[in-house]
Amino acid sequence: MAGKIEWIEDFNEALAKAREGGKLVLLDFFNPE
Amino acid sequence: MDAVTYPDEDVTNFIQEHLIPLRIRSNQKPLADDFKVTWTPCLIALDNEGKEHHRSVGFLPPEEMIPMLLLGMGKTRFDLEDYDRAMTYFDRVIDAYTQSGSTPEAIFFRGVAQYKKSGDPGPLKGVYDTLNDKYPDSEWAKRAQPYRLIG
């Protein structure tokens, strides 16, 4: 059973986590409609 | 993407393990304008300062998602002049995803990264030879054409 992607919705929070974890960010712009 | 690609187990695990997943509505100001988003899905690889290094616009099926992400991770490291890590990502695309649309570009940048690291132009000729042999119809084979003249 696959897990779910735990999306972050705050730009600055994502960058902070990227710095903390030494990772890059995948930014997904999606159409909400 | 939500119906097909993101629920794929391999895709989910890869993103959770290797990336910080950030989701923003395409009409959210000012970010959508800052990144000049005009069509979705729009996936962008960012470094930890928020700078863009790779972009994919339009639907990607599960089998194309991981190689595209690896290519983006490689291009980010390439731009940051971390050529060893960049080549590691490009090699993963080249070795494991031979049928992917991302592979010719990975071959191209793998050779350029090797050249930038070593100063030896030989890998650029190798880029031309490999692309011409395995992916002759790709746009990256055309971009590598000048390298055929390297002796």
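Biologist: Which residues does Ser56(B) touch, not counting residues up to four places away in sequence?

Modeller: Keep in mind that this is a predicted model, where local features need pLDDT of at least 70, side-chain atom pairs count only at pLDDT 80 or more, and totals for chains, interfaces and linings use all residues. Residues are numbered from 1 along each chain as its sequence is written, chains are lettered from A and ligands numbered from 1 in the order in which they are written, and side-chain values use heavy atoms, with hydrogens and water left out. Contact means heavy atoms within 4.5 Å. By that rule, Ser56(B) touches Pro41(B), Cys42(B), Leu43(B) and Met68(B).

Biologist: Is Ser56(B) buried or exposed?

Modeller: Ser56(B) sits in strand β3 (residues 52-57) of chain B; strands (E, at least two residues) and helices (H or I, at least four) are DSSP runs, numbered from the N terminus. Buried means under 20% relative accessible area, exposed over 50%, and partly exposed in between (1.4 Å probe, protein chains only). Because its relative accessible area is 9%, Ser56(B) is buried.

Biologist: How much area do chain B and chain A bury between them?

Modeller: Buried area is the accessible area (1.4 Å probe) that two parts lose on being put together, summed over both. Here 37 residues of chain B are in contact with 27 residues of chain A. Of the buried area, 65% is on carbon and sulfur atoms, and the total is about 3300 Å².

Biologist: Which residue of chain A meets Arg23(B) in a salt bridge?

Modeller: A salt bridge is a side-chain nitrogen of Lys or Arg within 4 Å of a carboxyl oxygen of Asp or Glu. Across the interface of the two chains the rule finds one. Strand β1 (residues 24-30) of chain A and β1(B) pair in the parallel sense over seven bridges, where pairing takes at least two bridges found by DSSP. The N to O distance in the salt bridge is 3.0 Å, and the partner of Arg23(B) is Asp28(A).

Biologist: How many residues apart in sequence are the parts that Lys117(B) and Asp84(B) tie together?

Modeller: The side chains of Lys117(B) and Asp84(B) meet in a salt bridge of 2.8 Å, N to O. Lys117(B) lies in helix α5 (residues 103-118) and Asp84(B) in helix α4 (residues 83-96) of chain B, so the pair ties together parts whose separation in sequence is 33 residues.
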